[in-house]
Amino acid sequence: MLKRPSSTVLLSIVIVASLSFICNINIHAQKFVAPVWTDTLKNPVRNSASAATAGKKIYVQYCVICHGEKGKGDGVSVAGLAKKPTDHTSEAFQKQSDGVIFWKIGNGSSPMPMFKATLKPIQIWEVVEYIRTFANTSKK
Ligand code: HEC
């Protein structure tokens with residue numbers, strides 16, 4: 001007679017199965033998506049020209065290498081990357097809310113690094129302001 005599997009064994013199977021399911025979703029997530037709540041985040045430096053100027057310095061220091069000087073996703077290190085950096089001038093990109101862009105900069109999505117440990121929240125908002133200056137430059 002076969003012994004019935006103990007509840008510990010059954011529980012382990014359930015845990016392993018759930019974990020592999022969750023990991024599978026992460027591995028195959030192709031899109032860089034921010035949680036819905038980020039739409040409600042308030043940009044404390046909205047439409048501030050001085051914030052955009054401060055953001056430009058940060059962008060040049062940390063982002064241009066991949067996203068390019070004009071934000072078109074054509075930085076010098078693009079060739080070696082598994083994914084192409086997003087074109088920050090595109091309409092599809094620009095139509096996202098400030099909160100979503102803020103969250104994406106903070107959290108990254110490989111090969112894009114996360115910046116929440118490197119930059120203060122206010123600096124990330126400044127970069128968001130600078131990125132907004134790329135709107136409508138895609139055809140220029
Ligand atoms: C190592 C190269 C690299 C660096 C450095 C980098 N990025 Fe990215 N970035 C990427 C790649 C690649 C993606 C696309 C990731 C994806 O789709 O999963 C991306 C995506 C993004 C997105 C999301 C676009 C979208 O809506 O899906 C934002 C916003 C962004 N980067 C901003 C920045 C900012 C701001 C900096 C500097 C503080 C920066 N990135 C630095 C490579 C980089």
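Trainee: Which helices each supply at least two residues of the shell around the ligand?
Mentor: α3 (64-67) and α5 (98-107) do. Helices here are DSSP runs of H or I with at least four residues, strands are runs of E with at least two, and both are numbered from the N terminus. Keep in mind that this is a predicted model, where local features need pLDDT of at least 70, side-chain atom pairs count only at pLDDT 80 or more, and totals for chains, interfaces and linings use all residues. Residues are numbered from 1 along each chain as its sequence is written.

Trainee: OK, and which residues come nearest to the ligand?
Mentor: Cys63, Cys66, Thr86, Ser109 and Met112, out of 21 residues around the ligand. A residue is near a molecule or strand if its C-beta atom, placed from the backbone, lies within 6 Å of it.

Trainee: How do the residues of that shell divide into nonpolar, polar and charged?
Mentor: There are 15 nonpolar, four polar and two charged. Ala, Val, Leu, Ile, Met, Phe, Trp, Tyr, Cys and Pro count as nonpolar, Asp, Glu, Lys and Arg as charged, and the others, Gly among them, as polar.

Trainee: Stepping back, how many helices and strands are in the chain?
Mentor: Six helices and zero strands.

Trainee: Let's talk packing. At what angle do α2 and α6 cross?
Mentor: Roughly 100°, with the axes of α2 (residues 49-62) and α6 (residues 121-132) coming within 7 Å. The axes are lines fitted to C-alpha atoms, for helices over the stretch in contact, and angles run from 0 to 180 degrees between N-to-C directions. The two helices, α2 and α6, are therefore roughly perpendicular to each other. Under 35 degrees would count as roughly parallel, over 145 as roughly antiparallel, 65 to 115 as roughly perpendicular and the rest as oblique.

Trainee: Which residues make the contact?
Mentor: From α2, Ala51, Ala52, Ala54, Gly55, Lys56, Ile58 and Tyr59; from α6, Gln123, Trp125, Glu126, Val127, Glu129 and Tyr130. By class, this contact of α2 with α6 has eight nonpolar, two polar and three charged residues. Two residues are in contact if their C-beta atoms, placed from the backbone, lie within 7 Å.

Trainee: How many residues does the largest nonpolar core have?
Mentor: That core has 14 residues, and Phe102, Ile124, Val127 and Val128 have the most contacts inside it. α2, α5 and α6 each supply at least two of its residues, and α6 gives the most, with six. A nonpolar core is a set of buried Ala, Val, Leu, Ile, Met, Phe, Trp, Tyr and Cys residues joined through C-beta atoms within 7 Å.

Trainee: What about Val128, what does Val128 touch?
Mentor: Asn43, Asp98, Ile101 and Phe102, again skipping residues up to four places away in sequence.

Trainee: Back to α5. How many of its residues are buried?
Mentor: Seven of the 10 residues in α5, so that helix is mostly covered by the cut-offs for buried. The buried ones are Asp98, Gly99, Ile101, Phe102, Trp103, Lys104 and Ile105. What covers them includes α6.

Trainee: Now the backbone. Where is the cis peptide bond?
Mentor: A cis bond joins Ser110 and Pro111, with omega about 10°. Pro111 is in the loop between α5 and α6. Most residues other than glycine have a negative phi, and most peptide bonds are trans.

Trainee: Which residue has a positive phi although it is not a glycine?
Mentor: Asn47, at about 60°. Asn47 sits in the loop between α1 (7-28) and α2. Asn47 counts as exposed because it has 9 C-beta neighbours inside 10 Å.

Trainee: Last one: where is Met114?
Mentor: Met114 is in the loop between α5 and α6. With 14 C-beta neighbours inside 10 Å, Met114 counts as partly exposed. Not counting residues up to four places away in sequence, Met114 touches Gly106, Asn107 and Gly108.

How values were computed: A residue is buried if 20 or more other C-beta atoms lie within 10 Å of its own, exposed if 12 or fewer, and partly exposed in between; C-beta atoms are placed from the backbone.
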